[in-house]
Number of protein chains: 2
Amino acid sequence: MRDFLPDVARRRNGCIDALRRVFESFGFEPLDTPAVEPLEVLMGKYGAEADKLVFEIAGRGDDASAQSALRYDLTVPLARVVAMHQAELTLPWKRWQIAPVWRAERPQRGRFREFLQCDIDVVGAPAPVADAEVAACAVAAYRALGFGDVVLRVNHRGVVRALCETLGIDGAAAGFLLRTIDKEDRIGLEGVCEALAAGGEGVTLPAGAVPLVRGLFAARDAADVPAALEALVGRAPSAGTALTELRQLWQYVSGSGVVPNARLDPALMRGLDYYTGPVFEAVIPAGGIGSVGGGGRYDGLVGSMLGRDIPAVGFSVGLERLLVLLAERESAAGGAPPSAADVLVATFSHDLVAASLALAAELRAGGLRVEVFPGPPGRLAKQYTYADKRRIPLVALVGSDELAAGVVAVKDMAKREEARVARAEVSGHLRTRLGG
Amino acid sequence: MRDFLPDVARRRNGCIDALRRVFESFGFEPLDTPAVEPLEVLMGKYGAEADKLVFEIAGRGDDASAQSALRYDLTVPLARVVAMHQAELTLPWKRWQIAPVWRAERPQRGRFREFLQCDIDVVGAPAPVADAEVAACAVAAYRALGFGDVVLRVNHRGVVRALCETLGIDGAAAGFLLRTIDKEDRIGLEGVCEALAAGGEGVTLPAGAVPLVRGLFAARDAADVPAALEALVGRAPSAGTALTELRQLWQYVSGSGVVPNARLDPALMRGLDYYTGPVFEAVIPAGGIGSVGGGGRYDGLVGSMLGRDIPAVGFSVGLERLLVLLAERESAAGGAPPSAADVLVATFSHDLVAASLALAAELRAGGLRVEVFPGPPGRLAKQYTYADKRRIPLVALVGSDELAAGVVAVKDMAKREEARVARAEVSGHLRTRLGG
């Protein structure tokens with residue numbers, strides 16, 4: 001787990017603010033939930049492997065019966081909130097949440113045990129208008145962070161199901177098929193076909209698997225992707241609804257221009273079991289780090305806590321990976337990180353500290369970020385050194401002469417210039433110097 | 001632990017933003033640390049009673065040796081950060097952190113197991129300039145939240161020590177004395193004197209205790225509080241430095257006007273063991289809920305992790321209690337909570353959804369918060385009902401007629417007015433309606 005020192009914390013806060021602004025511009029409302037959830041809320045939702053990664057809170061003598069754990073994502077807590085607070089919430093409901101989640105994974109590059117999730121979800125609306133809005137909002141979020149080149153891959157879980165139905169497989173065989181298709185970015189199309197032909201995980205696929213999967217990949221480049229899929233898996237029971245929704249979604253997305261760089265990609269698998277409809281994955285082509293977020297429709301999860309069907313669709317922006325890219329870009333661009341303050345008010349002597357504090361308050365009221373030198377007063381050379389170390393560009397000082405004359409001494413640290421400025425004009429003077 | 005639904009989450013986010021702006025206007029820098037700390041970092045810092053309230057993470061098979069726990073406050077993690085990242089940090093260092101902490105307390109009104117701490121600290125600067133800046137920043141924070149009437153009680157731990165030295169007591173007797181003085185707001189001065197005379201917790205105080213404590217309370221109202229304290233406890237070893245620092249701090253604070261409603265209060269005890277110098281406590285007189293924050297100088301804690309002395313002073317704004325007051329004030333003031341969006345773009349038919357999505361994107365680019373109706377297109381009455389339930393004041397619609405004519409139909413939900421507005425003017429038109 002990581003400490004974020006000021007320069008990094010500032011970048012993270014700036015990104016969080018930008019995401020919040022985008023999410024709220026789409027009418028998503030804030031939700032905040034506790035870090036600690038009842039254990040039984042979390043268990044059994046993510047699959048057996050993920051269950052092992054949940055951080056449990058140690059039992060306490062006074063309430064050992066109440067087992068609890070740190071949240072693993074923000075989606076299951078959302079489902080719990082919708083179930084618990086039905087009377088207070090009007091569906092459809094759009095919410096955003098940006099908050100840390102915890103997973104007991106072995107640390108590796110770009111994977112952390114505590115990391116931020118940045119989620120938007122629409123609960124209570126069926127496909128596909130809400131899905132299109134979620135996709136548009138996700139793309140707007142990447143653009144706001146400076147990733148205008150983001151590509152959104154779009155598919156439908158029903159296409160994946162139809163693929164399996166066409167081959168007559170399910171269970172372990174279906175899992176092996178999906179996971180193998182998902183390796184294309186690492187092993188290429190031929191690698192996928194070889195792996196499928198060879199089988200594995202105790203699975204031997206039917207002979208039709210490889211040609212069908214070749215067809216699936218070829219459908220990516222068809223002029224009419226849904227028509228190509230219709231020809232490929234159209235007879236499977238899941239194909240009908242899936243292709244209708246996919247056609248509509250694509251019409252919304254491509255017809256409106258709100259999702260530039262969207263790609264219908266029938267080979268997009270998106271691992272999570274709970275997806276039921278359209279699925280999305282965001283990729284930054286220049287990033288070389290694969291997926292930077294994804295989402296989709298999950299019509300079963302929320303309802304499973306309520307005993308009735310509640311449709312839902314969401315997207316999770318992978319901020320941690322984007323922050324790695326942003327840090328690399330900033331470092332490549334050079335330039336000093338921002339300073340913590342615009343102005344250091346120096347302190348001349350104990351008797352004049354009150355005057356320095358009053359000047360600082362005046363400058364803050366003028367919109368400046370101002371520090372009073374926090375060490376003992378006097379010894380100006382030390383205070384200038386402090387300003388330089390803290391990258392504070394301007395120093396303001398009121399000695400007894402300045403106080404009597406109604407002026408402030410101003411030192412520009414970069415230009416090594418000094419000036420005396422009338423007290424009433426000092427905020428404006430300093431703002432002008434900062435602007436220059 | 002609590003869920004914060006949108007109206008409450010919005011109020012909390014607004015307060016956090018306001019605090020952040022104030023903290024950054026004083027040159028404090030952001031720091032973010034993990035929720036989970038090594039157990040040995042936390043234990044033994046807060047006292048035996050508090051140690052019992054630390055939430056431990058259950059041991060895991062793969063790394064059972066690494067015991068960890070949820071952070072109990074933000075001060076001990078700050079000390080750990082200063083010790084761990086010495087090479088990257090320049091002292092004096094000013095940091096703010098607003099983040100949840102966890103304590104396994106029995107839940108009661110206004111006390112929660114997960115709650116936000118909002119801290120500012122200056123590490124590496126001696127008393128008392130930094131102390132005055134911290135006090136000024138704290139008061140500015142309360143004012144930014146709407147609590148212009150905040151009173152800041154100011155004392156010095158050395159005064160408390162001098163009191164005990166004058167009586168020749170320490171250990172359990174000193175603890176009993178301090179805790180009893182601290183009950184004044186509940187049992188009054190006479191109650192305190194009776195309790196001191198009676199003794200308790202196995203302690204009998206010397207006969208001089210009651211007159212001395214009466215003198216301490218009387219010193220509050222002296223024209224020159226430090227002089228009154230000098231007369232009362234001036235011969236005790238701790239009195240010298242304490243009264244010098246208190247005099248200087250008071251000169252800074254009262255001479256500059258940056259802390260209106262500051263009160264030198266020698267009966268302010270502030271429980272935490274680690275305080276060593278000036279101490280502060282904020283009270284909202286009209287609130288009836290006692291302390292809403294406090295802080296002070298703790299010159300031993302940070303250094304204890306490094307083996308050398310590092311002075312530090314900080315303040316923690318008690319946001320959770322303030323939020324209770326703010327909610328009461330808002331509810332007393334009446335009025336509807338804010339809406340999640342300014343405009344609902346209705347959807348006329350499947351064929352026109354793309355046009356609605358494009359209109360929404362245009363309006364957002366014009367600075368509006370816009371939702372596209374997330375349900376199936378058509379049935380406008382249902383969409384108007386949705387806008388009303390979500391308190392969205394304006395609905396915009398492009399049917400095929402509007403599209404052909406280059407206009408947008410706008411409905412004002414409160415006035416029940418409808419208008420047709422030229423496409424190029426619609427953002428401006430809607431902003432004007434919102435302003436009115």
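Q: How many nonpolar, polar and charged residues does the lining of the largest cavity have?
A: The structure is a predicted model in which local features need pLDDT of at least 70 and side-chain atom pairs count only at pLDDT 80 or more, while totals for chains, interfaces and linings use all residues; side-chain values use heavy atoms, without hydrogens and water. Residues are numbered from 1 along each chain as its sequence is written, with chains lettered from A and ligands numbered from 1 in written order. Ala, Val, Leu, Ile, Met, Phe, Trp, Tyr, Cys and Pro count as nonpolar, Asp, Glu, Lys and Arg as charged, and the others, Gly among them, as polar. On that scheme the lining divides into 28 nonpolar, 5 polar and 16 charged residues.

Q: How much space lies in the largest cavity?
A: A cavity is a set of points on a 1 Å grid over the protein atoms alone where a 1.4 Å probe fits but cannot get out. Points are joined across faces, edges and corners, and the volume is the space filled by probe spheres set on them. The structure holds 1 cavity of 30 Å³ or more. The space in the largest cavity is about 1,100 Å³.

Q: How much area do chain A and chain B bury between them?
A: With contact taken as heavy atoms within 4.5 Å, 87 residues of chain A and 86 residues of chain B take part. Buried area is the accessible area (1.4 Å probe) lost on putting two parts together, summed over both. Carbon and sulfur atoms carry 58% of a total of about 7,000 Å².

Q: Which element gives the most to the side of chain A that touches chain B?
A: The interface has 12 salt bridges (a Lys or Arg side-chain nitrogen within 4 Å of an Asp or Glu carboxyl oxygen). In one of them, the side chains of A:R20 and B:D17 meet at 2.6 Å, N to O. With 8 residues, the element that gives the most is α1(A).

Q: Why does the salt bridge between A:E29 and B:R10 join two chains?
A: These side chains meet at 2.8 Å, N to O. A:E29 lies in strand β1 (residues 29-30) of chain A, whereas B:R10 lies in helix α1 of chain B, so the pair joins two chains.

Q: Where does A:P128 lie?
A: A cis peptide bond, with omega about 0 degrees, joins A:A127 and A:P128. A:P128 lies in chain A, in the loop between β5 and α5 (129-144).

Methods. 1 Å grid on protein atoms, 1.4 Å probe; cavity = no way out; pocket = protein on both sides within 12 Å on 5 of 7 lines; lining within 4 Å. Helix = DSSP H or I, 4+ residues; strand = E, 2+ residues; numbered from the N terminus.
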